[in-house]
Amino acid sequence: MALSARISNRYAKALVSLAADKSELEKVKADMESFISVSKSNREFELMLNSPVIPQEKKASVLHAIYGGKVSEISLSLFKLLAEKKREPYLTSIAEQYILEYNKINNIQVATLFTAVSVSDSIKNSATALVEKATGKKVILNEKIRENLIGGYILRVDDVQLDASIKSQLNKLSIKFKNA
């Protein structure tokens, strides 16, 4: 396991433990989702966190200015601690790992449905039911549009992928014709 993954995993597990002790798992999860959203949508913010040139105090003050009074004390303390320990570049991966730990504790499975166009609720419900039956967990289904699929769908759960796309079927036919 890479160093960054070990660091993220340790901090996330400690954060989950602390949040559970203080009965704030949901609040901290919302804080981490908010942080991930800001980090992914604002390149300058992510660059600031990763910059070795910007002093730790400045990073800590920026984090406090953005999140002070808007997140739980637990999350704010984490931001401050990571800035003090010069580990703020790991914040995004710690937040992502926290979400994974939260999902594990709450028996939640995340699945992604890739389609060429937006699909109806009945199709989403069918995909959710399929994953629930296979995993025995509650499912959060993310829908992503991939116009290059032509039609059909790809359902991904962790490392398992069910590819029922027309593009995939056409590729299989093409291979059969070439080998015939």
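Trainee: Which residues form one aromatic cluster here?

Mentor: F35, F45, Y67 and F79 do. Keep in mind that this is a predicted model, where local features need pLDDT of at least 70, side-chain atom pairs count only at pLDDT 80 or more, and totals for chains, interfaces and linings use all residues. Residues are numbered from 1 along each chain as its sequence is written, and side-chain values use heavy atoms, with hydrogens and water left out.

Trainee: OK, how many aromatic pairs does the structure hold?

Mentor: Four. Rings of Phe, Tyr and Trp (its six-membered ring) pair if their centres lie within 6.5 Å; planes under 30 degrees apart are stacked, over 60 edge-to-face, and the rest tilted. F35 and F45 make an edge-to-face pair, 5.6 Å centre to centre with 70° between the planes.

Trainee: Where do those two sit?

Mentor: F35 is in helix α2 (residues 25–41) and F45 in helix α3 (residues 43–50), 10 residues apart. Helices here are DSSP runs of H or I, at least four residues, numbered from the N terminus.

Trainee: And why is the pair of F35 and F79 called tilted?

Mentor: Their planes are at 35°, so that pair counts as tilted, with the centres 5.4 Å apart. F79 lies in helix α5 (residues 73–84), so the pair ties together parts 44 residues apart in sequence.

Trainee: Is F35 buried or exposed?

Mentor: Buried, with a relative accessible area of 0%. Buried means under 20%, exposed over 50%, partly exposed in between (1.4 Å probe, protein chains only). F79 is buried too, at 2%.

Trainee: New topic: what sits over the ring of F114?

Mentor: The charged end of R146, 4.0 Å from the ring centre. That label needs NZ of Lys or CZ of Arg within 6 Å of the ring centre and within 35 degrees of the ring normal.
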